[in-house]
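Colleague: Please take one close look at the aromatic pairs in this model and the packing that goes with them. Spell out the cut-offs as you go.

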Amino acid sequence: MTHQFPSLSPEQKKDLSDIAQRIVASGKGILAADESTGTMGKRLQKINVENNEENRRYFRDLLFSVPAMSNSVGGVIFFHETLYQKADSGKLFPQVIKDKGIVVGIKVDKGTAGLNGTDGETTTQGLDGLSERCAQYKKDGCDFAKWRCVLKISDGCPSALGIAENANVLARYASICQQNGLVPIVEPEILPDGDHDLQRCQYVTEKVLAAVYKALSDHHVYLEGTLLKPNMVLAGQACTKRYTPQEVAMATVTALRRTVPAAVPGVCFLSGGQSEEEASLNLNAINQVPLHRPWKLTFSYGRALQASALAAWEGKPANKAAAQEAFCTRAKINGLASKGEYKPTGSADQASMKSLFTASYVY
């Protein structure tokens with residue numbers, strides 16, 4: 001039988017658990033503002049704004065300086081560049097966020113690499129030197145981290161190798177984070193590309209999550225000090241059948257109940273290319289499913305919190321207030337949805353209804 005050797009002290013465990021609980025406090029979720037320079041460039045290109053450091057800084061300052069943000073945002077994920085940038089006020093961004101009582105997080109993975117002999121499947125890189133980077137990020141004000149693994153659904157995917165390798169790398173990352181006082185967000189994203197139906201996505205999601213939690217157990221990861229960032233169970237983008245938010249919710253909660261231990265404090269869904277409104281409606285339905293849900297079920301949205309704000313801003317300082325208002329509206333809606341209390345008025349604007357899907361999405 002495996003002997004239990006000490007890994008985390010009771011104090012370390014309490015710190016990790018407290019951080020995780022703060023991020024997913026009732027009515028709160030995560031703003032994912034950790035788009036890489038290249039991804040941010042694609043966002044800015046859509047509104048004809050040049051991708052330079054100042055424009056990236058300006059847009060993030062626009063989001064981070066919204067006063068009411070802390071009502072519905074418990075954590076913000078940063079990209080390395082943003083962590084060391086300053087607000088217009090001259091204050092470093094992490095301090096701006098901390099002053100609002102919001103937890104600061106950081107993306108630590110280094111992107112995907114192909115798994116040879118598979119149908120285009122990948123693993124995620126970045127374990128080398130991760131412990132040292134985590135220690136530095138902790139010193140620089142971060143309390144949680146994010147690492148994204150990507151799986152896809154096709155005739156032969158995900159393969160047993162794809163599932164096992166990504167589960168193992170997520171567990172290794174989570175263990176390293178916890179040793180350095182960072183709460184790991186475990187993200188095994190199953191891409192929405194394909195024509196598979198809801199049932200197939202549910203089946204694959206269950207297999208992937210079961211493997212992830214077995215690996216986390218094998219690596220002695222302290223579950224109370226982690227968060228899960230999964231895909232919702234959705235049909236593929238090219239599937240001709242359309243499912244209601246209630247069907248999506250039932251499939252999603254059923255998959256989670258079968259695989260995610262109750263010790264996990266929160267599940268923060270990624271938006272995965274859904275429109276802003278769709279992501280909110282599905283999250284709301286998930287929190288209304290008539291099944292026991294032992295974890296907080298909330299959001300960790302990037303595109304689905306920022307699309308309307310970007311569209312309103314258009315790179316013009318005169319539109320700053322309108323862009324902040326758009327962001328504020330989406331954040332508030334998702335805060336309500338995380339409690340199952342969002343009541344759509346039927347007046348959703350065009351930007352919020354627009355699909356944000358990108359094929360084979362690279363973050």
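**Aromatic pairs and the core**

Modeller: Tyr301 has a relative accessible area of 0% and is therefore buried (under 20% relative accessible area; exposed is over 50% and partly exposed in between, with a 1.4 Å probe and protein chains only). Phe299 is likewise at 0% relative accessibility and counts as buried. The model is a predicted one, in which local features need pLDDT of at least 70 and side-chain atom pairs count only at pLDDT 80 or more, while totals for chains, interfaces and linings use all residues. Residues are numbered from 1 along each chain as its sequence is written, and side-chain values use heavy atoms, without hydrogens and water.

There are six aromatic pairs, where rings of Phe, Tyr and Trp (its six-membered ring) pair if their centres lie within 6.5 Å; planes under 30 degrees apart are stacked, over 60 edge-to-face and the rest tilted. One of them joins Phe64 and Phe93: the ring centres are 5.1 Å apart and the planes stand at 85°, so this pair is edge-to-face. Phe64 belongs to helix α3 (residues 53-64) and Phe93 to helix α5 (residues 93-99), so that the pair links parts of the chain 29 residues apart (helices are DSSP runs of H or I with at least four residues, numbered from the N terminus). Both Phe64 and Phe93 are buried. The pair of Phe299 and Tyr301 is tilted, with 5.6 Å from centre to centre and 45° between the planes. Tyr58, Phe59 and Trp313 make up one aromatic cluster.

Among the buried ones are Arg303, Leu305, Gln306, Leu310 and Trp313. After α11 comes Glu314, which has a positive phi, near 55°.

Methods
Helix = DSSP H or I, 4+ residues; strand = E, 2+ residues; numbered from the N terminus.
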